[in-house]
Amino acid sequence: MRIALLAFLGLHVAHALWLNGRQGAAAPDRKNRAGLYLIQVPLFVVACLIAYQNGALGRALLNPVCIAAGLVLGHVIFVLSLLLVHGSARDAREVLLGFGAIWEFAIESPLILSRYVGVAVTEEVIYRAAGQQTLIAYLRTPWAGIAAVAVLFSVVHAHFFRNTFSQSLEFVVFAVLLGVLYWLTGSLIFVIAVHAIRNIEIAYLEFLGKLEELGDEEAALREVEHSVLQRQSGLA
């Protein structure tokens with residue numbers, strides 16, 4: 001099972017690197033989208049089986065304390081990222097003081113909420129609950145497994161190669177932090193919450209930018225939803 005996971009994960013990383021290099025920011029066409037799913041679906045299934053064997057898919061997934069703690073910590077981490085790495089005091093303030101507004105934004109768009117929560121769930125199952133645990137077992141050291149998974153997780157995202165060096169480095173650090181948090185807590189729902197709130201808050205900042213540009217909340221929300229649908233689909 002672990003060999004199958006590593007095989008499919010290797011195929012996914014290779015395909016993502018090829019696709020990102022070939023198309024850049026463009027959305028994949030129908031043929032390449034089919035290729036993504038032919039790799040990602042069995043990868044996710046195998047990862048779920050391994051995560052279940054590791055005890056990561058039990059009743060602890062419904063722990064409200066872990067969910068709340070993950071949302072709060074993810075919120076703080078993202079604010080610090082905006083302030084320290086992106087140098088955006090304005091965006092940091094908007095996010096820090098706008099937790100209620102962010103919640104309303106997420107509820108107003110089931111598409112954005114389901115998309116980014118779904119991505120967080122699938123990626124954390126694959127990379128942390130299955131991939132990290134597998135690589136730690138093979139490499140026999142937690143730090144090597146955490147670092148290896150963080151690199152793989154980063155390079156499958158198209159924006160990793162388009163961002164500035166500091167932004168891409170921050171993304172790798174975030175991936176390492178997710179790995180450390182999972183290693184320390186053993187809580188899959190905790191890292192899912194940390195990951196999901198980051199995704200949603202990125203979309204919220206995009207919404208604020210569109211709102212300032214268009215001056216209409218409904219139009220701004222539709223623009224962000226369209227952007228979400230046009231981005232490269234799949235786990236990345």
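## Glutamate 225

In this predicted model, glutamate 225 has a relative accessibility of 12%. The cut-off for a buried residue is under 20%, so glutamate 225 counts as buried. Glutamate 225 belongs to helix 11, which runs over residues 217-230.

The side chain of glutamate 225 makes a polar contact of 2.7 Å with the side chain of arginine 222. Setting aside residues up to four places away in sequence, glutamate 225 touches Ser109, Leu111 and Ile112.

## Leucine 214

Leucine 214 is part of helix 10, made up of residues 188-214. Its relative accessibility is 40%. Partly exposed residues fall between the buried limit of 20% and the exposed limit of 50%, and leucine 214 therefore counts as partly exposed.

When neighbours within four places in sequence are left out, leucine 214 is in contact with Ala219, Ala220 and Glu223. Leucine 214 and glycine 98 are 116 residues apart along the chain, and their C-alpha atoms are separated by 20 Å.

## Secondary structure and overall dimensions

The chain contains 11 helices and zero strands. Its pattern, read along the sequence, is α-α-α-α-α-α-α-α-α-α-α. The chain has a radius of gyration of 18 Å, and the globule rule gives 18 Å for 236 residues; the two values are close, so the chain is as compact as a globular protein of that length.

Along the principal axes, the C-alpha atoms fill a box of roughly 50 × 40 × 35 Å.

## Burial and contacts

Of the 236 residues in the chain, 44% are buried; glutamate 225 is one of the residues that count as buried. For contacts between residues at least 6 apart in sequence, 74% join residues at least 24 apart.

## Surface and charge

The chain has an accessible surface of about 11700 Å². Carbon and sulfur atoms account for 66% of that surface.

There are 16 positive and 17 negative charges in the chain. The mean position of the positive charges and that of the negative charges are 14 Å apart.

Notes
Residues are numbered from 1 along each chain as its sequence is written. This is a predicted model: local features need pLDDT of at least 70, side-chain atom pairs count only at pLDDT 80 or more; totals for chains, interfaces and linings use all residues. Side-chain values use heavy atoms; hydrogens and water are left out. Helices (H or I, at least four residues) and strands (E, at least two) are DSSP runs, numbered from the N terminus. The radius of gyration is taken over C-alpha atoms; the globule rule is 2.2 Å times the number of residues to the power 0.38. Buried means under 20% relative accessible area, exposed over 50%, partly exposed in between (1.4 Å probe, protein chains only). Contact means heavy atoms within 4.5 Å. Accessible areas come from the Shrake-Rupley method with a 1.4 Å probe; for residues, only the protein chains shown count as cover. Lys and Arg count as positive and Asp and Glu as negative; His and the chain ends are not counted. The place of a charge is taken as NZ of Lys, CZ of Arg, CG of Asp or CD of Glu. A polar contact is a pair of N or O atoms within 3.5 Å; within protein, one must be able to donate a hydrogen and the other to accept it, and residues adjacent in sequence count only if both atoms are side-chain atoms.
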